[in-house]
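Here is a friendly briefing to read with the sequence and the 3D view open side by side. Take it one topic at a time, and find each residue as you go.

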Amino acid sequence: MTKVCVVCGNRASETDRQIVDPLQKVTYHKIPISVSRNKKWLEFCSLTKKDNINNKFVCSEHFEKHYLERDLKSELLDGVKRMILKREAVPTIKTPKRLKRRKSEDSEQDQHKKRKEEIDRLLNSDYPQPITNPFRQKNTKPKSPRNKLTSDTSDDVVEVETSSLSRRQETRRLKELETENKALKLKVEELEQVVVKKNEKINLAKTEMVNITIALQELKDIENRNLNIRVKELLKGHYTENQIRRVFNNKEVISWTNEEMQQAFTIRMFGSDVHDYVCKELRYPSPSLNEMLRWVQKVHQQTGFLIPTLGILQVLGSRMDSQERECVLLIGRTKVHPKYYYDPVRDQIFGKDAYLYCICVQSIFSDWHQIIYIDIDLIYSTDILMALINELHEIGFNVAGITAMCDQETADLWTELDVSTEEHFIRHPKTKNPIYMFCCPISTLTVILKTFVEDGLLVQEDVSVTKDIIQKLYESNHPEITQLLSTTTLDSLLNDSNVSEMDSVGDVISDNFVQALKLLSEEGEESIGVAATLFELIRDWYDLLTTERKTSDEAEDLSITHQEYGINIDEQNIVLDGMYDTIETLKCSSEQATCLQQAILISMNSLKKLFNDLRQIHDCKSIPTRNLTLFNLNRTFDAFQENNPSSIQPTSKILFELSKTILTRDQSSLSSKIVEETRLPAVEMVYEASDATVDPSVANISEKQACSNLINYVATTLREKYEYLGDQTFVIERKDNSYVVMPEMPTGIVEPSKLWMEQARKLETYVSDITFYRNENVVENLVNSISRRHPKMGVDIIRLYVQRRIMIKLNNMNRDLEIV
């Protein structure tokens, strides 16, 4: 595209042909973008900011000479001579150069036209005057007028003499010209040699200048690097490595540490204005708001101990008093459907029908909670709990209790911790204060109802309470009983085979149900009266252990079982003691109910002791017992299950949905609270698939191909250590009409031996039908078992075969699930 000056109309295609000297050529310059220079240029060119200036140029004829300078860098490095514009240059000369040039061009065109016409006339013999030889001398002597005849004859003689004279002169002139020409040629040769020598010197000088420029640039780079190093060393005393990286490159993607994120949230908690002032005005290097939001969103998208949550707890915990930082650990689970996956850290396989386990920190005196540990098919251990308790203690949170579900896993955990009805607590690893054990009353009531429906409850030696009493209630013709049953969900016990899946087990044993049993007991049946007393006691116990925090005015109008524990401590303890005595004598044959009595008795003992300890430390009058249950965690699970489909999903997708649920629907979670209080931008979470459940190298290997594939794989991988596995193959080339094996050119392919193939088939029988649900140390136990039976087989061979065979099996199982 031809450059055109917007002021005078000069065109680069024309001005470049008119001037040969590159230092005298007209140059063309774009209008600058910077505000300080742009305004003056636009005013000179009569343009506005709305005009498109991308392809607008101003030629050098509108600049004063002191604004132009030679481009020495281009001249030294590339040998290109040109003039460039100084940075502060501003156009000031408004001369209509285009008009003058046009006139000169017109005159040149006229002269060219005249010359062309003269040449045409010469070629056509139309020239009016005779053509004379430039070397012939003209006769300027006047003719004699005496005699015309004599004059004519004499003219012929003179003409002949003149002609011969002119030839001699011409010959002499030619010789002189030849001599001059030779002299000029010699002179030209001498000058050419001088030019060659000067060019050599110029090229040498250019080379030296280039070398000097490169050396200077290298010195400059070294100086800049040294300067950067010195600056970084100075900044190290004030900033972290990531902050220094942000100072030098604001656009670089940085993986901020948890401590740096915690610092950023701490600043943000003082207010968005303070944060903006510190980061923008004071230029303090810190994560951006989007980086902070992505960090919070990623907190729950991993398994194991969620270390980033400690930063969230510490930031928000700095604004809590010691009473608000009194907390319990909640251990809960919910059903998920992940793909089959092998966890090499735990040496465990999980998948399909698994449980998502969460350990949550719940405040005793406040409604906040925070999930700090996530895993699939978690097997409880003392080490995990003690590590969490220690970490929470380091940031100022005191764990006073641990609440779990009423099941065999909790019973196993208590056995490991040496917890019993008499010793219903463990010692804090740091403070040595007691940490009391609880079973969630919601889970406990579920077990009670399930035992009642399936096997019945043996209250006394000869009195058993079974679900038959529910049938009798519905068969009764008593009008008041019929009216009371119309408002209950009691029929769900008869129709729902899985009580644990019911939405609210607390609503089943309602006051109307108990009142209906009392009316039915008046008919004289002893078991009905015992059932009425039992369920009324269970109802009061359940209400007392799930009380919410109420104001003093609200608490006055409530019954003692609906008030916070401690407000009417004597009457409330009577309820607990009655439940304690009843459960002590209760008998049940259900396997799931074996830990029921222990769970209820330990929980009630722990509640009394915990309240006494907290009352001495914080001078509190009561505690809301619902915060000692899994209520808040179960509410998070319920919201999560609404968006969690029953189809098989990668683990990363399950964790993504959990994180999304916590941040968008769990308002009491500290993760959502910190996003709200710091006013981070509302950006919808986007799932990024990151699961690598199976090695791609085994993606297309079927069960039938597994053994043969592993025979080749193990032989190729471990042949250097175990030569008997097979023989190395080599390239064969044709030479002199014969084939020759090239031992220096191995193919990388091993031909398995018969012995190894026989061993591999034996290994296949152990691995192909393996069962591994929720078993820890799957690979290690299997390797040890095979090794004991086949001691001559290398352990490395067994382990490699087993690990890779399990990967193939899991991949095929996942593929079958996707087809279904």
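**Salt bridges, cores and a buried strand**

Lysine 236 and glutamate 241 form a salt bridge, with their closest N and O atoms 3.9 Å apart. Keep in mind as you explore that this is a predicted model.

**Charged pairs**

- How many salt bridges does the count come to? The count comes to 22 salt bridges.
- Lysine 236 also belongs to a network of salt bridges that links Glu233, Lys236 and Glu241.
- With a relative accessibility of 42%, lysine 236 counts as partly exposed, because that class lies between 20% and 50%.
- Another salt bridge joins arginine 268 to aspartate 276, where the closest N and O atoms are 3.7 Å apart.

**Around helix 3**

- Aspartate 71 and arginine 82 meet through their side chains in a salt bridge of 2.8 Å, N to O.
- This pair links distant parts of the chain, 11 residues apart: aspartate 71 is in the loop between strand 3 (68-70) and helix 3, and arginine 82 is in the loop between helix 3 and strand 4 (83-85).
- Is aspartate 71 buried or exposed? Aspartate 71 is buried, at 10% relative accessible area, while arginine 82 counts as partly exposed at 39%.
- Serine 74 lies in helix 3 itself, which spans residues 72-77.
- Serine 74 has a relative accessibility of 8%, so it counts as buried.
- Beyond its neighbours within four places in sequence, serine 74 is in contact with Gly79, Val80 and Arg82. Arg82 is the residue that forms the salt bridge with aspartate 71.

**The nonpolar cores**

- In soluble globular proteins, nonpolar side chains tend to be buried together.
- Which residues touch the most other members of the largest nonpolar core? They are Leu329, Leu392, Val465, Phe535 and Trp541, out of 142 residues in that core.
- Helix 18 (residues 526-544) gives this core its largest share, 11 residues.
- At least three residues of this core come from each of domain 3 (303-438 + 631-670) and domain 4 (441-628).
- Apart from this core lies another one of 35 residues, including Tyr340, Val750, Val778 and Ile786.
- Not counting residues up to four places away in sequence, tryptophan 541 touches Pro441, Thr444, Ile448, Val575, Leu576, Met579, Ile600 and Met604.

**Strand 10 and its partners**

- Why is strand 10 (residues 369-376) largely enclosed by the rest of the structure? Strand 10 is enclosed in this way because 8 of its 8 residues are buried.
- Strand 9 (residues 354-363) pairs with strand 10 in the antiparallel sense, over 7 bridges.
- A hairpin through 5 residues joins strand 9 to strand 10.
- Opposite histidine 369 in strand 10 stands glutamine 362.
- Look for phenylalanine 305 here: its bridge partner in strand 10 is tyrosine 373.
- In a regular strand, side chains alternate between the two faces of the sheet.

Key: Residues numbered from 1 in each chain as written. Predicted model: local features only at pLDDT ≥ 70, side-chain atom pairs only at ≥ 80, totals over all residues. Heavy atoms only, no water. Core = buried A, V, L, I, M, F, W, Y, C linked by side-chain atoms within 4.5 Å. Buried < 20%, exposed > 50% of the residue type's maximum accessible area, 1.4 Å probe, protein only. Helix = DSSP H or I, 4+ residues; strand = E, 2+ residues; numbered from the N terminus. Domains from an automatic or database assignment. Contact = heavy atoms within 4.5 Å. Pairing = 2+ DSSP bridges. Salt bridge = Lys/Arg side-chain N within 4 Å of Asp/Glu carboxyl O.
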